[in-house]
Amino acid sequence: MQLRPNQRQKLDDKDDKLFYAYPRFVTHVDEGFIQQLTDLYRDRLKPDTRILDMMSSWVSHLPEEMQFDHVEGHGLNAEELARNTRLNHYFVQNLNENPQLPLPDGDFDAVLNCVSVQYVQYPEAVFSEIYRILKPGGVAIISFSNRMFFEKAIQAWREASESQRVELVKAYFASVPGFTTAEVIAHKSTLPNLFQWLGAAGGDPFYAVIAYRS
């Protein structure tokens with residue numbers, strides 16, 4: 001899988017660090033989405049393990065009752081990451097400038113990415129890094145809805161349907177030898193589009209694409 005140069009383009013091609021310079025202490029999906037994500041984490045993550053919350057912010061949606069050995073946070077806004085009480089440590093890095101993570105090989109049991117994969121311009125490199133830092137048997141959980149900062153999402157994402165976006169993330173995993181066949185969890189919204197756009201409760205579709213390091 002190789003995106004074409006035009007598919008990586010964003011409508012706003014200025015430095016991402018400028019766009020994320022000011023903290024946004026909001027959630028970008030509704031409560032229904034968050035509950036489904038937390039339930040998924042409860043099911044797939046194990047206590048006392050090492051977690052990387054990639055492209056994170058001020059909240060990680062991890063189950064409150066679960067304790068982990070270490071939760072590493074990554075993002076683009078230090079104020080948001082500093083507010084996140086689940087993080088033991090965090091670092092700021094623009095993956096579109098440098099996709100190489102400053103983390104050891106095989107050091108994490110899980111890598112999480114919540115509602116941010118649409119902004120990754122070089123997913124082949126980023127997913128290779130996810131694979132590198134996972135332990136054998138470690139899990140990667142990529143979750144998303146239909147919301148986005150439209151000007152910062154890549155063209156391949158903006159122009160795709162919801163089902164095509166699922167296939168896109170599956171292809172990201174498939175581009176890295178050694179991941180298991182990606183599993184998909186899809187709960188489409190039953191609300192009319194108008195109510196989804198208005199942010200009505202229960203309006204956000206929930207998608208998760210999950211793969212393990214073999």
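How many of the 7 residues of strand β7 are buried? I put this to the predicted model first. I found that 6 of them are buried within residues 206-212, so β7 is largely enclosed by the rest of the structure.

**Entry 1: the chain overall.** I counted 7 helices and 7 strands in the secondary structure. Reading from the N terminus, I noted the order α-α-β-β-α-β-β-α-β-α-α-β-α-β. The chain has 214 residues, and 51% of them count as buried. I recorded an accessible surface of about 10200 Å², with 52% of it belonging to carbon and sulfur atoms. I then turned to contacts between residues at least 6 apart in sequence, of which 69% join residues at least 24 apart.

**Entry 2: the sheet.** I traced the 7 strands into an open sheet with mixed pairing, ordered β3-β2-β1-β4-β5-β7-β6. I identified β3 (89-92) and β6 as the edge strands, since each pairs on one side only. On average, neighbouring strands of this sheet are turned by 15° against each other, direction ignored.

**Entry 3: the partners of β7.** I looked up the pairing of β7 with strand β5 (residues 134-144) and found it antiparallel, over 6 bridges. Here Tyr-207 of β7 is the bridge partner of Phe-144, and Val-139 stands opposite Tyr-212. I then examined strand β6 (residues 183-187), which runs antiparallel to β7 and is joined to it by 5 bridges. In that pairing I noted Glu-183 with Ile-210 of β7 as its bridge partner.

**Entry 4: helices on the sheet.** I found helix α2 (residues 31-44) packed on the sheet, where it touches β4 (108-114), β5, β6 and β7. The direction of α2 makes about 20° with that of β7. I also located α4 across β1 (50-54), β4 and β5, running at about 140° to β5.

**Entry 5: helix α6.** I checked the length of α6 (residues 162-174) against expectation: at 1.5 Å a residue, its 13 residues should span 18 Å, and the end C-alpha atoms are 19 Å apart, which agrees. Which residues of α6 are buried? I listed Arg-165, Val-166, Leu-168, Val-169, Tyr-172 and Phe-173. Seen down the axis of α6, these buried residues fall within an arc of 155°, so they line one face of the helix. What do the buried residues of α6 pack against? I found α4 (123-133), β5, α5 (155-158), β6 and β7.

Note on methods:
Residues numbered from 1 in each chain as written. Predicted model: local features only at pLDDT ≥ 70, side-chain atom pairs only at ≥ 80, totals over all residues. Heavy atoms only, no water. Helix = DSSP H or I, 4+ residues; strand = E, 2+ residues; numbered from the N terminus. Buried < 20%, exposed > 50% of the residue type's maximum accessible area, 1.4 Å probe, protein only. Contact = heavy atoms within 4.5 Å. Areas by Shrake-Rupley, 256 points an atom, 1.4 Å probe, with all protein chains shown as cover. Pairing = 2+ DSSP bridges. Expected span 1.5 Å × (residues − 1). Arc of directions from axis to C-beta. Axes fitted to C-alpha atoms, helices over the stretch in contact; angles between N-to-C directions.
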